[in-house]
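Hello,

Here is the structure for you to look over. My notes follow below it.

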Number of protein chains: 2
Amino acid sequence: MKSSKDEIFRAARFLFSTKGYHGTTIRDIAKARGILSGSLYAHIESKEDLLYAIVEEGATAFLDALIPISQSDMSALNKLQAALVAHIEVITTHMDGARVFLHEWTALDDEHRQKVLLQRDEYEKLWAQLLQEGIDTGVLKPVNVKYLRLLVLSAGNWVSEWYRSDGPMSPEMIASEFLTILLYGVAE
Amino acid sequence: MKSSKDEIFRAARFLFSTKGYHGTTIRDIAKARGILSGSLYAHIESKEDLLYAIVEEGATAFLDALIPISQSDMSALNKLQAALVAHIEVITTHMDGARVFLHEWTALDDEHRQKVLLQRDEYEKLWAQLLQEGIDTGVLKPVNVKYLRLLVLSAGNWVSEWYRSDGPMSPEMIASEFLTILLYGVAE
DNA sequence: CCTACCGATCGGTAGG
DNA sequence: CCTACCGATCGGTAGG
């Protein structure tokens, strides 16, 4: 059962992802649903509230995917692999939401932005722990964890800039190729 | 000699980078220069023209840094190293312009966007050639060049999201650490 | 969800 | 670079 509210969110997610929050008007969203702009306010509180709901949803999707992996009893290497697959799968299966989370959180008001940054900090902390575990157990070289985390998440996040669901690369293939290069390098 | 026009460009670069093109008003830019919005039009043609000038400047900075490296007679490995350093230096020394180029080109009108995308395509082609040369001369493993280029540039581009000039990492250190991980991997 | 608006702000211009 | 505007559009609301 898709409610009107769901459809409004879907339209807003797509438009915010494509044209940005400030580049999207309330009338754009209404038009995508075939209604007039004033009618939106039966379903939403404000444009900013709509943005926050979408960004929060994105942040939560990343955390919900990583937390069970982080808490599992897999080996450090398997955790790393599972986490990279999960990260790229969140991006590729929720492209619009992930893109809005990654790029449009700057448009949030102070209070909402603070909340989202706390979620992002938690996500980054879990990744740092996971990589540190790999180093501590001797499966990863003793590199600077902050650099490594930045490199992994940088490459992961940028997938949202070029991934196309109708392209030749599946999420699993992307994650697998990235992981192989990261683990073993490209020097012959 | 800094002209008024230079100062307007500087203010616009900063504001577009921080709040986005659509999130920045012509009055924001004027205010940063201590003048009124109408007065801007003695120096610029339109808001969109200002955006294009800044985005084009960013695209050209990346190309101007890469082309001499690409055409030099360095070894493939030295080219790769020099190209990564150059890419990260363009980002870190022109943060605002690079960020506007990387994120705000979507706000350009069709004609300007096409021109910028041609520059981006050329940049990516040079990188692909450079990596292919590494594979052909046997210094890099025969991995999929497209994946590798995406991984390298993804990690490189995302630097624009977290780099702070007052932070602990210099551009050279970032490039060096990234290159070491990419070449030799992190698996122990 | 529509009709019918509102005040505020937008990018931009004419004439100095 | 300012004064003084312009028409268009913005996010949002009252009352059905």
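**DNA strand D and the A–B interface**

In this predicted model, a backbone N or O atom of A:Thr24 sits 3.5 Å from a phosphate oxygen of DNA strand D. For B:Leu36, a backbone N or O atom is 3.0 Å from a phosphate oxygen of DNA strand D. A:Arg27 goes to a base instead: one of its polar side-chain atoms is 2.8 Å from a base nitrogen of DNA strand D.

In total, 15 residues surround DNA strand D (a heavy atom within 4 Å). The closest are A:Thr25, A:Arg27, A:Tyr41, A:Lys47 and B:Ser39.

Now the protein interface. Contact (heavy atoms within 4.5 Å) links 35 residues of chain A with 35 of chain B. The two chains bury about 3,800 Å² between them, 69% of it on carbon and sulfur atoms; this is accessible area (1.4 Å probe) lost on being put together, summed over both. A:Tyr147, A:Trp158 and A:Val186 supply 21% of the area chain A buries against chain B, more than any other three residues.

Conventions: residues are numbered from 1 along each chain as written, chains are lettered from A and ligands numbered from 1 in written order. Local features need pLDDT of at least 70, side-chain atom pairs 80 or more, while totals for chains, interfaces and linings use all residues, and side-chain values use heavy atoms, without hydrogens or water.

Best wishes

Methods
A polar contact is a pair of N or O atoms within 3.5 Å; within protein, one must be able to donate a hydrogen and the other to accept it, and residues adjacent in sequence count only if both atoms are side-chain atoms.
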